[in-house]
Amino acid sequence: ARIIPIYDSPEEAAANRRPLVLKQWFGDSVGWYENNELVVETVNIHPQQMGQSSLPITKEGRITERFSRYADNEIFYQFTVEDSNIYHQPWTAELSFYATDGLLYEYACHEGNYSMPGSLAGARRLEWEAELQ
């Protein structure tokens with residue numbers, strides 16, 4: 001999962017990039033809307049992250065993603081890779097994400113969240129106490 005700040009324009013997004021010395025594992029992503037489409041641009045991707053990926057890119061490369069709602073149960077996803085260190089020209093791929101039951105859910109990872117067992121145990125305890133009354 002990535003946290004992507006959203007700005008009013010590509011210019012504002014570019015002006016608010018993190019300093020290059022901050023080496024984010026997934027790179028420095030910023031976003032903005034163009035019409036009804038979310039555009040996310042990522043640069044400065046950590047070399048170890050991309051070295052293990054099926055999508056090779058160097059730290060000078062750029063990935064531009066576009067998310068648009070095509071239907072109530074479909075998000076159309078398109079990404080363009082630009083990296084003159086590896087590729088002769090930019091290339092683009094696209095696919096659709098479908099929600100089979102009509103609902104889209106947030107992806108959240110709780111790995112390493114050591115407070116989660118205590119939080120859940122506390123909630124179960126409160127439920128148990130409420131049943132006793």
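Predicted model: local features only at pLDDT ≥ 70, side-chain atom pairs only at ≥ 80, totals over all residues.

**Note on the aromatic residues, the sheet and the model**

1. Phe97 is partly exposed, since its relative accessible area is 40%.

2. Tyr77, by contrast, is buried: its relative accessible area of 12% falls under the 20% cut-off. Tyr77 forms a tilted aromatic pair with Phe97, with 5.5 Å from centre to centre and 40 degrees between the planes. Because Tyr77 belongs to strand β5 and Phe97 to strand β6, this pair ties together parts that lie 20 residues apart in sequence.

3. The protein has five aromatic pairs by the rule applied here. One of them joins Phe67 and Tyr77, whose ring centres are 4.9 Å apart and whose planes meet at 45 degrees, so this pair is tilted. Phe67 lies in strand β4 (residues 62-71) and Tyr77 in strand β5, so the link spans parts 10 residues apart in sequence. Phe67 itself is partly exposed, at a relative accessible area of 25%.

4. Which residues do the ring pairs link into a cluster? They are Phe67, Tyr77, Phe79, Tyr87, Trp91 and Phe97.

5. The strands named above belong to an open sheet of six strands, ordered β1-β2-β3-β4-β5-β6, with mixed pairing. Strands β1 and β6 (91-98) are its edges, each pairing on one side only. Strand β5 (residues 74-82) runs antiparallel to β6 and is joined to it by eight bridges. Thr80 has Thr92, in β6, as its bridge partner.

6. Is Val39 buried or exposed? Val39 is buried, as its relative accessible area is 0%. Val39 sits in strand β3 (residues 37-43). Leaving aside residues up to four places away in sequence, Val39 touches Val30, Gly31, Trp32, Glu34, Thr64, Glu65 and Arg66. The C-alpha atoms of Val39 and Phe67 are separated by 6.6 Å, although the two residues are 28 apart along the chain.

7. Regarding the protein as a whole, three helices and six strands are present, and from the N terminus they follow the order β-α-β-β-α-β-β-β-α. Of its 133 residues, 26% count as buried. The accessible surface comes to about 9,900 Å², and carbon and sulfur atoms account for 53% of that area.

8. On confidence, the mean pLDDT of the protein is 86, with 86% of residues at 70 or more. Confidence is highest in strand β1 (residues 6-7), at a mean of 96, and lowest in helix α2 (residues 47-51), at 67.

Key
Residues numbered from 1 in each chain as written. Heavy atoms only, no water. pLDDT = per-residue confidence, 0-100. Helix = DSSP H or I, 4+ residues; strand = E, 2+ residues; numbered from the N terminus. Buried < 20%, exposed > 50% of the residue type's maximum accessible area, 1.4 Å probe, protein only. Contact = heavy atoms within 4.5 Å. Pairing = 2+ DSSP bridges. Areas by Shrake-Rupley, 256 points an atom, 1.4 Å probe, with all protein chains shown as cover. Phe/Tyr/Trp six-rings, centres within 6.5 Å; stacked < 30°, edge-to-face > 60°.
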